[in-house]
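Please look through the structure shown here with attention to its charged pairs, its nonpolar packing and its backbone. The notes that follow take these topics in turn.

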Amino acid sequence: MIAIQKNTSLVVLCMFSFLVGCAPKIERQALRMSKKGVLIESTPQSTVDFDTIRSLIVLPVIHNGESQNFIFDTGAMVSMVRKDFKEGETLKVGGASNRKIDVGFENIRSIKIGDADFQETFAVTNPLTGLKDALPDFGGFIGQPIISRANWLIDYPQKKLTVSTSDLADDSYKSIKIKREEGAPYTTLTVNGVSYKCIIDLGSSSTISIPEGTPLAEYVLRTYVFKDSEREVWTIGGSKLDNEKIGILPQFDLGGVAFENVEMNVKKTSQLRVGMPFFKEYKVYIDNTNGDYKIKK
C-alpha cells in the first residue's frame with residue numbers, strides 16, 4: 001500500500017492485493033510472468049538519493065529511457081507502471097477496499113535505478129489518474145518482481161538507497177525473521193504472548209495497521225486508549241473517507257526483535273501490516289541472498 005499527499009488530504013493506493021479476484025488461469029499466468037527478468041549491473045553496487053512523500057520512498061528511475069519517480073513498495077506482489085492506455089489482454093484486480101479496476105500487463109524493457117538495470121521484468125499498467133497529479137513525473141511502483149532480484153540497503157535518515165547482489169550488512173544489524181508468500185515478506189507480530197502473521201509493507205504509510213474485527217484488533221481496543229480519526233483516501237477504485245482508531249502499542253515483538261511505544265491504527269484493511277514509518281529511524285537491509293530483513297539505528 002502506498003500513501004501520498006494531495007493538497008491537504010491523504011491519498012492511499014493499496015497494491016499488495018493486485019491479482020486478487022482474477023480468473024485463476026490468468027492469475028497463474030501473471031504470477032508466472034512476474035518471476036521473469038534479469039538484473040544487469042555495471043558496478044558491484046549502486047547508491048542513489050531518494051525523496052520521501054508521506055514517509056514513503058520515492059526513487060529516481062529511468063524507465064525505458066525516461067526519468068520518472070517510482071514508489072518503492074515491498075508489499076506489492078507486482079510492479080505497476082502508469083500508462084494512459086492498455087494493450088493486449090487485461091486483468092481485473094482488487095485492493096484492500098475490495099474495489100476493482102482493469103489493468104493491462106506487459107514486460108518492461110528496462111527499469112534502471114542508479115547503475116542497476118532491471119530488464120524484461122513484469123508489470124501491470126493503469127493510468128493511475130489520481131496519483132499522477134499528486135506526484136510530479138510519477139511513473140508507478142517498484143514491486144517484488146524487481147525487489148526480489150537484488151539486496152537493498154535503505155538508509156532512511158540519510159535518504160540513500162544502495163542496490164547490490166553482494167552482502168551489504170554486518171554484525172551490528174538485528175535480523176527480523178521473515179517468510180515469503182508470492183515473494184512478499186511476512187513475519188510475526190507478537191503481543192502479550194500471542195503471535196499474528198503480518199506483512200512488512202514499505203509501501204504503507206501506516207506504522208502498524210491492524211484490520212478491524214480481528215482478534216488482535218479486539219485485544220488492543222479493549223486494552224489500550226484510542227482516539228477516532230477520519231481521513232480521505234484514494235484506493236484503486238477511487239477516493240473515499242476512511243475511519244480509523246489510533247493508539248500506542250507499548251510492548252511487542254516483531255520477527256524476534258523487541259520494540260516499545262509504537263503508533264498503531266485499527267481500520268478496514270486487508271491484513272496486518274508494518275509500514276515504512278515504523279523504520280524511519282533505522283537503516284533497513286533487505287537481504288534477499290539470505291532471506292531476511294535486517295535493521296539498525
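The side chains of Asp292 and Lys294 meet in a salt bridge, with 2.9 Å from N to O; a salt bridge here is a side-chain nitrogen of Lys or Arg within 4 Å of a carboxyl oxygen of Asp or Glu. This is a predicted model, in which local features need pLDDT of at least 70 and side-chain atom pairs count only at pLDDT 80 or more, while totals for chains, interfaces and linings use all residues. Residues are numbered from 1 along each chain as its sequence is written, and side-chain values use heavy atoms, with hydrogens and water left out.

**Salt bridges**

- Asp292 is buried, with a relative accessible area of 13%, and Lys294 is likewise counted as buried at 12% (buried means under 20% relative accessible area, exposed over 50%, and partly exposed in between, with a 1.4 Å probe and protein chains only).
- Lys294 also forms a salt bridge with Asp287, where the closest N and O atoms are 2.7 Å apart, and salt bridges that share partners join Asp287, Asp292 and Lys294 into one network.
- A search of the whole structure finds nine salt bridges, one of which pairs Lys83 with Glu106, their closest N and O atoms being 2.7 Å apart.
- That pair links distant parts of the chain, since Lys83 lies in the loop between β8 (79-82) and β9 (90-94) and Glu106 in strand β10 (residues 100-113), 23 residues apart; helices (H or I, at least four residues) and strands (E, at least two) are DSSP runs, numbered from the N terminus.

**Nonpolar cores**

- The largest nonpolar core has 58 residues, of which Trp152, Leu189, Ile208 and Phe279 touch the most other members; such a core is a set of buried Ala, Val, Leu, Ile, Met, Phe, Trp, Tyr and Cys residues joined through side-chain atoms within 4.5 Å.
- Strand β22 (residues 257-267) gives the most to this core, with five residues.
- Apart from this core lies another, of 14 residues, among them Val78, Met80, Phe105 and Phe141.

**Backbone**

- Most residues other than glycine have a negative phi.
- Asn64, although not a glycine, has a positive phi of about 50°; Asn64 sits in the loop between β6 (56-63) and β7 (66-72) and counts as partly exposed at 33% relative accessibility.
- Asp137, also not a glycine, has a positive phi of about 55°; Asp137 is found in the loop between α2 (129-132) and β12 (138-142) and counts as exposed at 55% relative accessibility.
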